[in-house]
Amino acid sequence: MKTSNNTILITGGGSGIGLEMARLFSKDNKVIITGRTADKLQKAAEELPNVTSIVADINNAADVTNLVAELNAKHSSLNIVINNAGLAYSFQLTDQNAGAFEKASEEIMTNYLSIVRLTEKLLPLLQQKQEAAFVNVSSIAAFSPGIAVPGYAVSKAALHSYSQVLRISLEKQDKKPIVKVFELMPPLVNTSFSKDIGGQNGISPQEVALELKKALESETYEIHVGATADFYKLYLSSPETALQVMNGGK
């Protein structure tokens with residue numbers, strides 16, 4: 001699909017991967033970034049061309065309702081939604097004081113359920129377009145979970161399944177043209193988001209953004225960025241070995 005002259009919404013667009021996506025796509029597209037932190041969003045919107053910011057917490061139902069209303073009223077040309085906002089906690093399930101239930105609940109809400117809600121509310125708008133797409137940012141952890149981020153891994157596995165089901169559901173509809181569904185699956189990325197789990201050893205967020213652009217152009221719907229490509233091959237050949245590797249084994 002085309003990667004210019006689109007109107008693109010990026011959740012979590014004020015930092016990390018989302019900010020680099022905004023930086024890349026704002027050169028040739030109209031970009032709307034949203035997130036909870038007004039200062040970050042405003043700074044990004046001031047520094048980048050063709051970028052508008054809307055403060056909204058995707059976990060808050062009222063915020064989502066207001067966001068969708070504003071998009072319909074002021075940005076009705078919207079045709080690409082990048083569900084990038086995410087949350088990860090590092091904790092051990094064996095730690096009785098970890099607050100596993102509370103942390104996992106937040107991660108499931110942010111990384112999965114909020115995306116289901118926003119997609120459901122924006123699908124009618126995107127279905128009016130000649131070319132439209134949802135991009136769900138999941139993770140290498142969707143294939144094999146890591147014990148350092150158990151709630152995050154589970155939430156991304158749920159998002160992976162949801163992305164597949166949404167894609168097939170839209171393809172089976174009689175309605176044409178079909179809204180495309182992409183899933184971006186990066187490995188560890190060097191952002192503040194991942195600093196507690198060794199993010200400094202990860203790939204750059206710029207690389208992730210570039211891989212997304214290439215995938216949109218080639219219509220590669222499941223995007224295995226960097227090390228995810230080789231890990232996926234390992235996962236297909238031996239899920240047990242992949243699980244061991246993800247958790248420090250050989």
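**Entry 1: strand E5.** I looked up strand E5 and found that five of its five residues are buried, so E5 is largely enclosed by the rest of the structure. Here buried means under 20% relative accessible area, with exposed over 50% and partly exposed in between (1.4 Å probe, protein chains only). Strands (E, at least two residues) and helices (H or I, at least four) are DSSP runs, numbered from the N terminus.

**Entry 2: the model.** I kept in mind that this is a predicted model, in which local features need pLDDT of at least 70 and side-chain atom pairs count only at pLDDT 80 or more, while totals for chains, interfaces and linings use all residues. Residues are numbered from 1 along each chain as its sequence is written, and side-chain values use heavy atoms, with hydrogens and water left out.

**Entry 3: neighbours of E5.** I then followed the pairing, where two strands pair if DSSP finds at least two bridges between them. E4 and E5 pair in the parallel sense over four bridges, and valine 81 has phenylalanine 134 in E5 as its bridge partner. From E4 the chain crosses through helix H4 (residues 100-126) to E5 in a right-handed β-α-β crossover; right-handed means that, with the strands pointing away from the viewer, the path from the first strand over the helix to the second runs clockwise. Towards E6 (residues 180-185), E5 (residues 133-137) is joined by five bridges, and the two run parallel.

**Entry 4: the whole sheet.** I traced seven strands in an open sheet with parallel pairing, in the order E3-E2-E1-E4-E5-E6-E7. The edge strands, E3 (51-55) and E7 (222-224), each pair on one side only.

**Entry 5: the cores.** I looked for nonpolar cores, meaning sets of buried Ala, Val, Leu, Ile, Met, Phe, Trp, Tyr and Cys residues joined through side-chain atoms within 4.5 Å. Of the 32 residues in the largest one, Met21, Ile82, Leu184 and Leu212 touch the most other members, and H1 gives the largest share, six residues. A second, separate core has 24 residues, among them Ile32 and Val181.
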